[in-house]
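Could you walk me through this structure? I am new to it and would like to ask a few things.

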Amino acid sequence: MGLRDQVTEDMKNAMRAKETARLGTIRLLLSAIKQREVDERIVVDDAGVVSTVEKMIKQRKDSISQFEKAGRDDLVAIEAAEMIVLQAYLPAQLSDTEVEAAVAAAVASTGATGPQDMGKVIGVLKPQLAGKADMGKVSGLVKAALAQ
């Protein structure tokens, strides 16, 4: 069963269990997937679903930081709950040591020597780590590795 089918099945189960908050989040995810299919005129595969989920999680993180600044704890709780539901659709996250090893291997394989080669290294890492690691952290690790 594909990831999109799993999302659809989870929506049906949330309807049956009358879990309104979870159902709303899953419907938002399905809507975003369908919107992407219409905009790009493609059929979204598992990688596309994962990238959509990552985008939605990033939006939730941004919203949470803005709501915390404004003192809206009620909205922070809603966004955090949505983020938890969305994270269930991401693949298992890699540990820090695994990410560091991948960064070291990518730096070695590309022959990168300085910060000007960061694009090459990220280009190699992105397909390997997409959905499995926070690319913001990966970028920081690459920058640190190339600064040495």
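This is a predicted model: local features need pLDDT of at least 70, side-chain atom pairs count only at pLDDT 80 or more; totals for chains, interfaces and linings use all residues.

What follows is a short exchange about helix packing and salt bridges.

Me: Good to know! At what angle do helix H2 and helix H4 pack?
Reply: Helices (H or I, at least four residues) are DSSP runs, numbered from the N terminus. H2 covers residues 20-40 and H4 covers residues 73-87, with their axes 10 Å apart. Axes are lines fitted to C-alpha atoms over the stretch in contact, and angles run from 0 to 180 degrees between N-to-C directions. Here the angle is about 60 degrees.

Me: And which residues of H4 make the contact with H2?
Reply: Contact means heavy atoms within 4.5 Å. On the H2 side, the contact is made by Arg22, Thr25, Ile26, Leu28 and Leu29. From H4 come Glu82, Val85 and Leu86.

Me: Is Glu82 buried or exposed?
Reply: Glu82 lies in helix H4, and, leaving aside its neighbours within four places in sequence, Glu82 is in contact with Thr25, Leu28 and Arg60. Buried means under 20% relative accessible area, exposed over 50%, and partly exposed in between (1.4 Å probe, protein chains only). Because its relative accessibility is 15%, Glu82 counts as buried.

Me: Let's turn to charged pairs. Which residue forms a salt bridge with Glu37?
Reply: A salt bridge is a side-chain nitrogen of Lys or Arg within 4 Å of a carboxyl oxygen of Asp or Glu. For Glu37, the closest N and O atoms of the pair are 2.3 Å apart. The pair links distant parts of the chain, 33 residues apart, with Glu37 in helix H2 and its partner in helix H1 (residues 3-17). That partner is Arg4.

Me: Where do Arg36 and Glu40 lie?
Reply: Their side chains meet in a salt bridge, 3.4 Å from N to O. Arg36 is partly exposed at 24% relative accessible area, and Glu40 is partly exposed at 44%. The two are four residues apart, about one turn of the helix, and both lie in helix H2.

Me: Last one: how many salt bridges does the structure hold?
Reply: One of them joins Lys120 with Asp117, whose closest N and O atoms are 3.6 Å apart. Salt bridges that share partners also join Arg60, Glu79 and Glu82 into one network. The total for the structure is eight.

Conventions: Residues are numbered from 1 along each chain as its sequence is written. Side-chain values use heavy atoms; hydrogens and water are left out.
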